[in-house]
Amino acid sequence: MNRHYDEDLKHLREGLTAMAGQVEWMLDLTLRSLLERRDDLADRVSALDASVDEQELKLDKSCIDLLALGAPVARDLRLVASALKIIPEIERIGDHCCNIARRAKLLNPQPLVLPAEAMERLGRDTRDMVRQAVDAFVRGDAALARAVIAADDQVDTLYMDIYRDLLRRMLGDPLCIERASHLILVAKNWERIADQATNIAEEVLFILEGRNVKHPHLQDPP
Amino acid sequence: MPDSILIEPVMEAPLHPTDRARLRAENLRVAYGPKEVLKGVSLDIPANQVTAIIGPSGCGKSTFLKCFNRIHELSGPAKVTGRIELDGRDLMAMREVELRRRVGMVFQKPNPFPKSIYDNVAFGPRLFGVRGRSDLDGAVEDGLRKAALWDEVKDRLADSAQGLSGGQQQRLCIARALAVQPEVLLMDEPCSALDPIATARIEELLFDLKRELTIVIVTHNMQQAARASDRTAFLWLGELVEEGPTETIFTNPGKPMTEDYITGRFG
């Protein structure tokens, strides 16, 4: 095997891990900007996003180069094919962080609509799903990837609880409609991030086991 | 004639409802003197599919291929045990002439006879008793058309085959093999001496020919095996390591040794 090919695969893995690490940091800052009501942290989230976009472009090119020049097969092929799907998921998580951070700056000077604990739990659970999905990729841990997929239902439930709570509050107090609307969109962003963590975990399982676990109702039994 | 120990065939479930095992090797062992080249290989080759045999040099893949029309007997005194079947019949008990009409072979290096294009393709039919000019003309045209060479040579059939390009010569050899209407085509690295364009034409040809033929191809080119075959078998040191649908072998092989070989990390 060409040494450069192995090096290129290694760089792809490292680059993807670095990009994911940066987005994990953005998730932390995003959550803190909401909970601590700090605009400076929200600004740092927005500032980090450009670098994530740059990394996306570099990694996309690495994947295409590997496909064209290395003609990977078997596990190498699964890694490159899945990387091409994981990279935009990570980039989108970065975008969702920016969306949440932007709304945090709008909400921070205003009175709370919702007890902080509800949004904190949704944010923490979602951030943990992303961390675990990235850990599953780095460590090649199929059990952890499965745990991420299983955790998505819980996040969906938290999101729906917050959504219903906010609707109830808006009906009871029309003055909070604008703030509550922002919060519904913040919650929706967290819920989407959890979906993206799930997608990453599904790709990790494909890399590790060669089996597509998406849409299980459409899959032949193994 | 090599020694042959007949082993009762094992009844197995079909590979797939539509796959008939056109060729079957059952515990096939081949030794040249003290050197055992194949060490008990069992493999079903389904009809109307392209089966690629891959493996490092010296793993026995060419010997395995040659057993299916007993060309291996020309490589020196071989001890062959196990069973080889063509459509359920013991291939070792068949007459060579019948066997080699039904199972054609194309080699690594194009080997046209030093004759005209026409006479190269007509060679087989003549050998099998075709004498009438129109019958021979039909057989030649049919072979050349199936080998996708007719349009390139139809106006110069009397020219020497040696004047054709390497890729054309290889397709001429395929036409020569096809002119006796075989049921199986064995190909031993048929593209190793060809440029990418000629290689692509041969690979396209395989796709067309498998409608009528069962094809077994030995190749060192992993990309060719991936592109052109339906099933892939990996041999190592005379043993079958793994075989299965090509897409499975190249995306999710079952054995680490197969993965190491196809990703080039072998050894």
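A crossing of two helices is left-handed if the near helix is turned anticlockwise from the far one by less than a right angle.

**Entry 1: H4 and H5 of chain A**

I'm working with a predicted model. I started with H4(A) and helix H5 (residues 142–172) of chain A, which pack at an angle of about 165° with their axes 9 Å apart. Angles over 145 degrees count as roughly antiparallel, so H4(A) and H5(A) are roughly antiparallel to each other. H4(A) passes H5(A) in a left-handed crossing. I then looked up who touches whom: on the H4(A) side I noted A:Leu122, A:Asp125 and A:Met129 among others, and on the H5(A) side the residues include A:Val148, A:Asp152 and A:Val155. Sorted by class, this contact has 14 nonpolar, 3 polar and 5 charged residues.

**Entry 2: H4 and H6 of chain A**

Next I checked H4(A) against helix H6 (residues 177–209) of chain A, and got an angle of about 20° with the axes 9 Å apart. That makes H4(A) roughly parallel to H6(A). This crossing is left-handed too. From H4(A) I wrote down A:Gly123, A:Val130 and A:Phe137 among the contact residues, and from H6(A) the list includes A:Trp190, A:Ala194 and A:Ile200. How many charged residues does the contact of H4(A) with H6(A) have? I found no charged residues there, with 18 nonpolar and 3 polar ones.

**Entry 3: the cavity**

I counted 1 cavity of 30 Å³ or more, and the largest cavity has a volume of about 40 Å³. Which residues line the largest cavity? I listed A:Leu16, A:Ala20, A:Ile86, A:Ile90, A:Val134, A:Phe137 and A:Ile200. Two of the names, A:Phe137 and A:Ile200, were already in my notes on H4(A) and H6(A). Helices H1 (3–35), H3 (74–107) and H4 (116–139) of chain A each supply at least two residues of this lining. By class I have 7 nonpolar, no polar and no charged residues.

**Entry 4: the pocket**

Last stop, the largest pocket, which holds about 550 Å³ of space. Its lining runs to 22 residues, and nearest the centre I noted B:Arg100, B:Gly104, B:Met105, B:Phe123 and B:Leu127. In chain B, helix H2 (96–102), strand S6 (103–106), helix H3 (117–127) and helix H6 (166–178) each give at least two residues to the lining. I sorted the pocket lining into 14 nonpolar, 4 polar and 4 charged residues.

How values were computed:
Residues are numbered from 1 along each chain as its sequence is written. Chains are lettered from A and ligands numbered from 1 in the order in which they are written. This is a predicted model: local features need pLDDT of at least 70, side-chain atom pairs count only at pLDDT 80 or more; totals for chains, interfaces and linings use all residues. Side-chain values use heavy atoms; hydrogens and water are left out. On a 1 Å grid over the protein atoms alone, a cavity is a set of points where a 1.4 Å probe fits but cannot get out, and a pocket is an open set with protein on both sides within 12 Å along at least five of seven lines; lining residues have an atom within 4 Å of a point. Grid points are joined across faces, edges and corners, and a volume is the space filled by probe spheres set on the points. Helices (H or I, at least four residues) and strands (E, at least two) are DSSP runs, numbered from the N terminus. Ala, Val, Leu, Ile, Met, Phe, Trp, Tyr, Cys and Pro count as nonpolar, Asp, Glu, Lys and Arg as charged, and the others, Gly among them, as polar. Axes are lines fitted to C-alpha atoms, for helices over the stretch in contact, and angles run from 0 to 180 degrees between N-to-C directions. Angles under 35 degrees count as roughly parallel, over 145 as roughly antiparallel, 65 to 115 as roughly perpendicular and the rest as oblique. Contact means heavy atoms within 4.5 Å.
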